[in-house]
Amino acid sequence: MNLRKVFSLSSFRKLLSSVSPFGLKMVRFFQNPFEDYQPGAELAISKDDVNAQITEHVKNITKRLQPTRKNVDGGLYVGVTGVGFMFHYLSKNPLLSENKRGYLEKAMEYVKPALETSAGDKTSFLLGDAGTYALATVVLKESGDEQYQEMLKMYKSLYSQFLNPKFLKCGGDEFFVGRAGYLAGALWISRELQTPVFTNDELYKICDVMVACGREYSTKHKSPCPLMYHYYNTEYIGAAHGVSFILQMLLSVPGYLDFNKSAAKDIRTTVDFIASLQTDEGNWPCCMEEVGLSDHKLVHWCHGAPGTIYLMAKAYLVLKDQRYYNVCLRAGEIVWRKGLLRKGPGICHGVAGNGYVFLLLYRLTGDEKYLHRAKKFADFMSTDEFLRDARLPDNPESLYEGTAGTVCFLADLLVPDKAEFPFQDVFSTY
């Protein structure tokens, strides 16, 4: 029997997500045991307690994931380069600055194996060499090593490949391997180095290709919005592979909306369409094929409200429309209710990634309720229930799936006014 004739992709996903191998209904999240914030309540975040958690995680990461060539695969996402990013991130934290030099040395120690052997596709930001070059550029510059210029040159040498509309048949515009990831890296390097990596015209050329590809795909597939994209023939909505991160990057490139008015119109119309897909519960479908289904189970950064909220926050800050702000608040509610994921502590599909939603909302609103919620998500990762019953990620020490990302979240809990999900800061104007 041909399953493709019996099940749509979304129906099959729904079936798989709702039952365990033993035929029992799966529960994707722990019940939230915490009381919500009460106005006027004392909100205390202990630096010593958080620092102790960070120290313990770092000790385990460095013991279990060695900076060797065999651990390079997976790039920033699950390879040693991601641990390098964690150490770089710690080096920037003003409350941990006494260890700055040591953190930078460890960062370079974890980046070095990836510079000696390819992490995968050269052009891929999260999975390949582009991300390695970006991180090496910033760490070397911060360390006072002039070799950073060579790493920057390597990053910039990839630029021309992204101008080819067909450079990746699997989908060349998303975050992990596509143009949006390369733009995210370029903007991040520019901010960290305090100098432009590319001219505005160079950035706009990549944006123009992204818009053209989105228009072409949307027209060909009769999409309900002007811009639509695919990754391996699936029209994802969320941050990992979907239209949300692509639109966020188009909104983030300084001046692009004024430079290309036609593109600006299509970008805003598509943002409005994505906003309209938010369910009453506050979540989003994983992909376009699931639009219209009654239940969307994935409350992850990669698929669902915890990642799509970054697009809506950026749209609010750039386009000054209160609707996007309200969308963000609704997204925060489902994360509070269903965000203590059993998948583990990671930032891609784990508790730390969902905790980042509240740090974003704290910066967006100034409401201490969200800082309270972020702290509770951090607390939960130390409970017996979580340590006993949460699943072990495939890459338990990595940046996106494991505890290296958790460390970044905990460090940001100490300085919530500066908190940012890796490579996805909506507040920078670059």
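Q: What counts as buried or exposed here?
A: Buried means under 20% relative accessible area, exposed over 50%, and partly exposed in between (1.4 Å probe, protein chains only).

Q: And what kind of model is this?
A: This is a predicted model: local features need pLDDT of at least 70, side-chain atom pairs count only at pLDDT 80 or more, and totals for chains, interfaces and linings use all residues. Residues are numbered from 1 along each chain as its sequence is written, and side-chain values use heavy atoms, without hydrogens and water.

Q: Ok, Tyr 232. Buried or exposed?
A: Tyr 232 is exposed, at a relative accessible area of 57%.

Q: Where is Tyr 232?
A: In the loop between α10 and α11 (243–252). Helices such as these are DSSP runs (H or I, at least four residues), numbered from the N terminus.

Q: What is phi of Tyr 232?
A: Near 50°. That is a positive value in a residue other than glycine.

Q: And Gln 194, what is its phi?
A: Phi of Gln 194 is near 60°, also positive and also not in a glycine. Gln 194 lies in the loop between α9 and α10 (200–220). With a relative accessible area of 67%, Gln 194 is exposed.

Q: Switching to helices. At what angle do α5 and α9 pack?
A: About 35°, with their axes 14 Å apart. Helix α5 covers residues 80–92, and helix α9 covers residues 179–193. The axes are lines fitted to C-alpha atoms over the stretch in contact, and angles run from 0 to 180 degrees between N-to-C directions.

Q: Which residues make the contact?
A: From α5, Phe 85, His 88 and Lys 92. From α9, Trp 188, Arg 191 and Glu 192. Contact means heavy atoms within 4.5 Å.

Q: Now rings. How many aromatic pairs are there?
A: The whole structure has 36 aromatic pairs. One of them joins Phe 380 and Phe 386.

Q: Why is that pair called edge-to-face?
A: The ring centres of Phe 380 and Phe 386 are 5.8 Å apart and their planes meet at 65°, so the pair is edge-to-face. Rings of Phe, Tyr and Trp (its six-membered ring) pair if their centres lie within 6.5 Å; planes under 30 degrees apart are stacked, over 60 edge-to-face, the rest tilted.

Q: Are those two buried or exposed?
A: Phe 380 is buried, at 1%. Phe 386 is buried too, at 5% relative accessibility.

Q: Which charge sits over the ring of Phe 30?
A: The charged end of Arg 342, 4.3 Å from the ring centre. The rule is NZ of Lys or CZ of Arg within 6 Å of the ring centre and within 35 degrees of the ring normal.

Q: What about Tyr 148?
A: The charged end of Lys 141 sits over the ring of Tyr 148, 5.5 Å from its centre.

Definitions and conventions. Helices (H or I, at least four residues) and strands (E, at least two) are DSSP runs, numbered from the N terminus.
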